[in-house]
Amino acid sequence: MLTIDESAPVIVRLSTEINAPLERVWSLHTDIDDWPVWNPDIDQARMEGPLTEGASFTWRTHGMEITSTVHELVPGARIVWGGPAHGIQGVHVWTFEQSGDRVVVRTEESWSGAPVDAATDQLAAALRTSLEDWLTCLKNRAEKLS
């Protein structure tokens, strides 16, 4: 299994419980073209072809255009993507686990690179806020569809 860069200067780990079926949560999260519908921090997102390991997608968030590559995909359970953006090398791991009638979603992301070295505290705070917001939006959307 692929993991984040444990030696990176910025690492954020978060989780949430969502009161919705695993299939719905997974579908929302992996329908990349639809991210802007439920996550207002994402201006646009476009998957190039089917969601498979090695596939890339582009998205725009917080003024940054990002191209990410899917490194690992375990349908219904785990997705890992990453790539460079504006000098930052990011690795993002998402896991999904059924727990009774809820889904536990865990996210962890690492950032490294010269911009991170120059502003570690600020970028760590920005990443934490971004991931908190993402989890909240995913939870709200999945539970609203119940």
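1. The hairpin of β4 and β5 has 3 residues between its strands, and Gly76 takes a positive phi near 80 degrees there. This is a predicted model, and every value below is computed from it. The two strands, β4 and β5 (residues 78-85), pair in the antiparallel sense over 5 bridges. Within that pairing, Val70 has Trp81 in β5 as its bridge partner.

2. Strand β4 also takes part in a hairpin with β3, with 2 residues between the strands. In that turn, His62 has a positive phi of about 50 degrees. Strands β3 (residues 56-61) and β4 (residues 64-74) run antiparallel and are joined by 6 bridges. Across this pair, Thr58 stands opposite Thr67 in β4.

3. For the chain as a whole, the secondary structure comes to 4 helices and 7 strands. Read from the N terminus, the order of elements is β-α-α-β-β-β-β-β-β-α-α. The radius of gyration is 15 Å, close to the 15 Å that the globule rule gives for 146 residues, so the chain is as compact as a globular protein of that length. Along the principal axes, the C-alpha atoms fill a box of roughly 45 × 30 × 30 Å.

4. Some totals on burial, surface and contacts follow. Of the 146 residues, 42% are buried. The accessible surface comes to about 7200 Å², and carbon and sulfur atoms account for 50% of that area. Among contacts between residues at least 6 apart in sequence, 51% join residues at least 24 apart.

5. The largest nonpolar core holds 38 residues. Those with the most contacts inside this core are Val25, Trp35, Trp59, Trp94, Phe96 and Val105. Helix α4 (residues 120-144) gives the most to the core, with 7 residues. In soluble globular proteins, nonpolar side chains tend to be buried together.

6. Val25 deserves a separate look. Apart from residues up to four places away in sequence, Val25 touches Ile18, Ala20, Phe96, Val103, Val105, Leu138 and Ala142. Phe96 and Val105, named in this contact list, are also among the core residues with the most contacts.

7. His92 is placed in strand β6 (residues 88-99). Its relative accessibility is 2%, and the cut-off for buried is under 20%, so His92 counts as buried. With neighbours within four places in sequence left aside, His92 is in contact with Ile79, Val80, Trp81, Thr107, Glu108, Glu109 and Leu131. Trp81 in this list is the bridge partner of Val70 from point 1.

8. Glu108 lies in strand β7 (residues 102-112). Its side chain makes a polar contact of 2.9 Å with the side chain of Arg13. Not counting residues up to four places away in sequence, Glu108 touches Ile4, Val12, Arg13, Val91, His92 and Val93. Glu108 and Ser15 are 93 residues apart in sequence, yet their C-alpha atoms are 8.6 Å apart in space.

Conventions:
Residues numbered from 1 in each chain as written. Predicted model: local features only at pLDDT ≥ 70, side-chain atom pairs only at ≥ 80, totals over all residues. Heavy atoms only, no water. Core = buried A, V, L, I, M, F, W, Y, C linked by side-chain atoms within 4.5 Å. Buried < 20%, exposed > 50% of the residue type's maximum accessible area, 1.4 Å probe, protein only. Contact = heavy atoms within 4.5 Å. Polar contact = N/O pair within 3.5 Å; in protein donor to acceptor, adjacent residues only side chain to side chain. Rg over C-alpha atoms; globule rule 2.2 N^0.38 Å. Areas by Shrake-Rupley, 256 points an atom, 1.4 Å probe, with all protein chains shown as cover. Pairing = 2+ DSSP bridges.
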